[in-house]
Amino acid sequence: MTPTSLSQTRIRQLKMLRAVAIGLAIGFAAPVFADNLPEVQRLIKQGQYPQAMEKVDAYLSSRPKDAQGRFLKGLIYTEMNKPADAIAVFTKLSEDYPELPEPYNNLAVLYAQQKQYDKARTALEMAIRTHPSYAIAYENLGDVYAKLASQAYDKALQLDNSNSATQNKLALIRDLITTSGKGNVKPQPVPATAAAAPAIQPAPTPVAAPVTTKPTTQATATVIAATAGAAAAPAPSPAPVATATATPAPAPTPAPAATKPAAASSNDDVLKAVNAWADAWSRKDMKAYLGAYASDFDTPKGTSRKAWEQEREQRIAGKGGKISVTVDTPQITVNGDKATVKFRQHYKATGLSSSSTKTLVLVRSGSKWLIKEENAR
Amino acid sequence: MRVKIRYLLLALAATVTAGAIAKLSDKPGDAKPAGNLPTASSPLVRSAADALAATSPFSSVVSDSGPEETLARIFAEIEANRLGNALQLTEALLRQHPNYRLANLIKGDLLLAKTHPIQTFGALSDAPADKVADLRAEALVRLKAYREKPPVDFVPRYLLQMEQDQHYAIVVDTKRSRLYLYENDRKHGGRPRFVADYYVTHGKLGAEKLAEGDKKTPVGVYHVTANLPKQKLADLYGSGAFPLNYPNEWDKRQGRGGSGIWLHGTPSDTFARPPRASDGCVVLTNQDLDVVAKNLQVGLTPVIISDSVEWLSLDDWNKERSELNQTIDAWRADWESRDTGRFLSHYSKRFKSGEQNFDEFAAQKKQVNSSKEWIKVKLNNLSVFRNPGKDEVVVVTFEQDYHSNNLDNQMKKRQYWVREDGKWKIIYEGTA
């Protein structure tokens, strides 16, 4: 590899991380505190990493918990080619803010660079678990799966392709890196507990990130084209089969339109039904849980009702330890015999806790409200 | 995408089951339909064996915890379209055996299925077809073996009588790529008792070795002749090697050539080798060889290799065994009678021993008998093994304790008996 292409690789890599940073800034930046951060970002852009580090450290000295500042710090370490430090920062960040997908994603990129594909995979699966519509993570995960598959095949078939394997890996990294052009997930309404953001700012979409103007290889161009669609409707990404076992939510769908405040009358009944559903889930009371769904419930991916019930049974009743599901800040819209409830679902089980936005569509059936659709969005 | 891999593996599974049942119905002379062997009883067979093993003095060294059970579960998960579970199981298996190629192939498929539709087992584009075929063959024979343990009240036809000191016997089925370990159950009159079975590799070009370099595994009755420790061996042989006495007396008489047929382990770069991969040796995984090795007695433990093991019900086995024991005892008694004609009636006209043919042997016996006033013959440590194959041949080995008015002699003797016109006749005898 020539020095030129090496540096190009680095630039792309940085762009990718930066694009993620911008996404994060848009989603979570608190204008009151963020005054120093654009400066840090400018310094990063100019390659003045020690100065950027100084600024970000100063910024963090008064707000040591700040997610945005710490994220940029991880980014600077990455730029300075200190992957161990960068990994430490992103790891800690992901522990403190498990609901943010970006630290997981960047951890994955760093692991992938070190050819630790298993760790990269775990990180990406976490990113998707916390944020089911995170397109970049899906794509990166696809690449990591392919890489892991290729490693497994090498072992299975003793393919002595050490040379081509190396090429493969570099190509993969470039692929991971060039995902930056595709725009990030749509900024989502963030739960108050999730980040330091006190208010949700209307934001320009990050799709317009400058990277798109960058000349890319043909292969990458195709990928970008494919993902532009995916960014608009991220649902059809490769289904995370492995993660599905632990993920309480079905397939991801795009961010929702704002819901209107609902009329008060039926709201109580609908909320009661939703809370009963969450309680049944927490108690692992399968009869009550499954009873909360309408007989014509839209099962995810069109599986049969029976298969779906079995799957739920396995994941709920078949799960060791306690489960706790709570419904937070529900917004209810009732329209005749149909009600839409959007809420934060806090899910806790052994080895996994997650908070996600969920939308249930309920239909009135006699005196009951039954779930007709269940979407994580 | 998942549907495709699913059907593929379903087909694989179906092949396994159908083939297995068809195979077991090959049992000779038995009224019990082989299809009766229910898959569900396999664990029973095994646990019964384990329970019995617990009371045996050798039980502590026997185990058959191969990957078959996990593989079966993986394929069941794939059939049920629970690819996530399948992947978890595969990864657990790989933690146990990191260089298990078949598991790596399945893992590759399961991961690749997450990224794009896959069409076949071993879905990597440009995957070397021969290597994929090898791994597929391994998957098939292992699943088949798992679903079909040997029936509990049937024994391999070959193990007619083990001698007292032979604690275990080994029976290899090359078509099934399986090695069966049987214990000499002396509490039950030396009935062979199934202990465990293991996946094995045999010759690249199959069984029935005839000549040096034909890459085939011999079929016959052998025993281990030495125990070569790992330190003295090339990596190819893995954790140890046990040479067999191929070619034996019968092989030589049939003009079969070649040498160096061993029972041995697996090189360090792989957990297992394909079903047909050796130059004629019988190859176990190292973990299996280590377990089996503890039961091998050099110079004693029989290793009977068949291309397709025949199984007998215990009744039929008893019948064959007592028929042969009576035949052998009649020979012994006729020898004691000093009636040369009666004695020679036990020998085939095709008899040969060393350079001596039947006529020469007969003449010598007549002459010797004329000088005898009495003869006493005792046979100790008798073993009787049926030689696999279509010819009806039985290998009889014993310690012969001979006394007469003018000669006392003790020797270990081996005879090959063949059935000619419905009667068992000695066709070869010599020192063992």
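In the predicted model described here, helix 5 of chain A and helix 6 of chain A are roughly antiparallel to each other, a label given to angles over 145 degrees. Helix 5 (residues 83–96) and helix 6 (residues 101–113) of chain A pack at an angle of about 150 degrees with their axes 9 Å apart, the axes being lines fitted to C-alpha atoms over the stretch in contact and the angles running from 0 to 180 degrees between N-to-C directions. The residues that meet include I87(A), F90(A) and L93(A) of helix 5 of chain A and Y104(A), L107(A) and L110(A) of helix 6 of chain A, contact requiring C-beta atoms, placed from the backbone, within 7 Å. The residues of this contact divide into nine nonpolar, four polar and no charged.

Helix 7 (residues 117–130) and helix 8 (residues 135–157) of chain A likewise pack at an angle of about 150 degrees, with their axes 9 Å apart, which makes helix 7 of chain A roughly antiparallel to helix 8 of chain A. Among the residues making the contact are L124(A) and I128(A) of helix 7 of chain A and L141(A) and V144(A) of helix 8 of chain A; here the division is ten nonpolar, two polar and three charged.

Chain A as a whole has 14 helices and four strands, taken as DSSP runs (H or I, at least four residues, for helices; E, at least two, for strands) numbered from the N terminus. Residues are numbered from 1 along each chain as its sequence is written, and chains are lettered from A and ligands numbered from 1 in the order in which they are written. As this is a predicted model, local features need pLDDT of at least 70 and side-chain atom pairs count only at pLDDT 80 or more, whereas totals for chains, interfaces and linings use all residues.

Terms used. Angles under 35 degrees count as roughly parallel, over 145 as roughly antiparallel, 65 to 115 as roughly perpendicular and the rest as oblique. Two residues are in contact if their C-beta atoms, placed from the backbone, lie within 7 Å. Ala, Val, Leu, Ile, Met, Phe, Trp, Tyr, Cys and Pro count as nonpolar, Asp, Glu, Lys and Arg as charged, and the others, Gly among them, as polar.
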